[in-house]
Amino acid sequence: MTAGRFKRVRKYLGDSTFCFTFGDGVADVDITTLISHHKLQGRLATVPVVQPPSRYGDLQFGEQNDVTGF
(Lines give C-alpha, C1' and ligand atoms only; values in the text may rest on other atoms or scores of the structure.)
Protein backbone atom coordinates (compact mmCIF):
# COMPACT_ATOMS: atom_id res chain seq x y z
CA MET A 1 0.00 0.00 0.00
CA THR A 2 1.65 3.31 1.02
CA ALA A 3 5.06 1.75 1.67
CA GLY A 4 4.89 0.02 -1.70
CA ARG A 5 4.16 3.30 -3.47
CA PHE A 6 7.07 4.92 -1.66
CA LYS A 7 9.43 2.09 -2.67
CA ARG A 8 8.45 2.53 -6.32
CA VAL A 9 9.36 6.26 -6.39
CA ARG A 10 12.33 6.10 -4.00
CA LYS A 11 14.89 5.87 -6.83
CA TYR A 12 13.70 9.22 -8.20
CA LEU A 13 14.10 11.09 -4.90
CA GLY A 14 17.83 10.91 -4.30
CA ASP A 15 18.89 13.05 -1.33
CA SER A 16 16.32 15.76 -1.98
CA THR A 17 13.70 16.89 0.53
CA PHE A 18 10.24 15.68 -0.48
CA CYS A 19 6.67 15.46 0.76
CA PHE A 20 4.75 12.20 0.62
CA THR A 21 1.08 11.81 1.50
CA PHE A 22 -1.10 8.85 2.33
CA GLY A 23 -4.73 8.37 3.19
CA ASP A 24 -7.66 10.59 2.43
CA GLY A 25 -7.73 13.88 4.21
CA VAL A 26 -7.81 17.63 3.88
CA ALA A 27 -5.77 19.89 6.14
CA ASP A 28 -4.56 23.46 6.35
CA VAL A 29 -0.83 22.73 6.60
CA ASP A 30 1.81 25.41 5.94
CA ILE A 31 4.20 23.23 3.92
CA THR A 32 7.04 25.79 4.01
CA THR A 33 6.92 25.93 7.82
CA LEU A 34 6.62 22.16 8.05
CA ILE A 35 9.73 21.60 5.89
CA SER A 36 11.67 24.25 7.86
CA HIS A 37 10.71 22.54 11.12
CA HIS A 38 11.69 19.14 9.71
CA LYS A 39 15.15 20.40 8.66
CA LEU A 40 15.67 22.17 12.00
CA GLN A 41 14.90 18.97 13.93
CA GLY A 42 17.19 16.83 11.74
CA ARG A 43 14.77 13.90 11.78
CA LEU A 44 14.34 11.12 9.25
CA ALA A 45 10.66 11.97 8.79
CA THR A 46 8.10 14.51 9.97
CA VAL A 47 4.44 13.53 10.22
CA PRO A 48 1.74 16.16 10.68
CA VAL A 49 -1.24 14.60 12.46
CA VAL A 50 -4.74 15.65 13.47
CA GLN A 51 -6.21 15.69 16.97
CA PRO A 52 -9.50 13.77 16.44
CA PRO A 53 -9.30 10.06 17.34
CA SER A 54 -8.89 7.73 14.42
CA ARG A 55 -10.60 4.40 13.95
CA TYR A 56 -7.27 3.09 12.59
CA GLY A 57 -5.09 3.94 15.61
CA ASP A 58 -3.33 6.82 17.33
CA LEU A 59 0.23 8.13 17.34
CA GLN A 60 1.94 8.32 20.72
CA PHE A 61 4.53 11.03 21.38
CA GLY A 62 7.58 11.24 23.63
CA GLU A 63 8.86 14.21 25.62
CA GLN A 64 10.52 15.80 22.57
CA ASN A 65 7.42 15.29 20.38
CA ASP A 66 9.00 12.33 18.66
CA VAL A 67 6.75 9.41 17.71
CA THR A 68 7.15 6.56 20.21
CA GLY A 69 4.30 4.26 19.22
CA PHE A 70 1.24 3.65 17.12
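Reader: Hi! Is N65 buried or exposed?
Author: Hello! In this predicted model, N65 counts as exposed, because its relative accessibility is 64% and the cut-off for exposed is over 50%.

Reader: Thanks. Where is the place of N65 in the chain?
Author: N65 sits in the loop between β1 and β2, the latter being residues 67–69.

Reader: And what is phi of N65 near?
Author: Phi of N65 is near 60°. That is a positive value in a residue other than glycine.

Reader: Which loop is G62 found in?
Author: G62 is also a residue of the loop between β1 and β2.

Reader: How far apart are G62 and L40 in space?
Author: Going from C-alpha to C-alpha, G62 and L40 are 18 Å apart, and they are 22 residues apart in sequence.

Reader: Let me step back to the whole chain. How many helices and strands does the secondary structure come to?
Author: There are 2 helices and 2 strands. Starting at the N terminus, the elements run α-α-β-β.

Reader: What box do the C-alpha atoms fill?
Author: Taken along the principal axes, the C-alpha atoms fill a box of roughly 35 × 30 × 25 Å.

Reader: What share of the chain do buried residues make up?
Author: Buried residues make up 4% of the 70 residues in the chain.

Reader: Which one gives the most?
Author: Helix α2 gives the most to the lining of the largest pocket, with 6 residues.

Reader: How do the residues of the lining divide into nonpolar, polar and charged?
Author: The lining of the largest pocket has 25 nonpolar, 16 polar and 6 charged residues.

Reader: Got it. Now the surface: which residues form a nonpolar patch there?
Author: V9, Y12, F18 and F20 form that patch. Together they have about 400 Å² of accessible area.

Reader: Where is V9 found?
Author: V9 belongs to helix α1, which covers residues 2–13.

Reader: And why does V9 count as partly exposed?
Author: V9 counts as partly exposed because its relative accessibility is 32%. A patch takes residues with over 30% relative accessible area.

Reader: By how much are V50 and G25 separated?
Author: The C-alpha atoms of V50 and G25 are separated by 9.9 Å. Along the chain, these two residues are 25 residues apart.

Reader: What about D30, where is its place?
Author: D30 lies in the loop between α1 and α2. D30 counts as partly exposed, since its relative accessibility is 48%.

Reader: How far apart are D30 and A45?
Author: D30 and A45 are 15 residues apart in sequence, and 16 Å apart in space from C-alpha to C-alpha.

Definitions and conventions
Residues are numbered from 1 along each chain as its sequence is written. This is a predicted model: local features need pLDDT of at least 70, side-chain atom pairs count only at pLDDT 80 or more; totals for chains, interfaces and linings use all residues. Side-chain values use heavy atoms; hydrogens and water are left out. Patches are made of residues with over 30% relative accessible area and no salt bridge: like charges are joined within 9 Å, nonpolar side chains (Val, Leu, Ile, Met, Phe, Trp, Tyr) within 5 Å. Accessible areas come from the Shrake-Rupley method with a 1.4 Å probe; for residues, only the protein chains shown count as cover. A salt bridge is a side-chain nitrogen of Lys or Arg within 4 Å of a carboxyl oxygen of Asp or Glu. Helices (H or I, at least four residues) and strands (E, at least two) are DSSP runs, numbered from the N terminus. Buried means under 20% relative accessible area, exposed over 50%, partly exposed in between (1.4 Å probe, protein chains only). Ala, Val, Leu, Ile, Met, Phe, Trp, Tyr, Cys and Pro count as nonpolar, Asp, Glu, Lys and Arg as charged, and the others, Gly among them, as polar.
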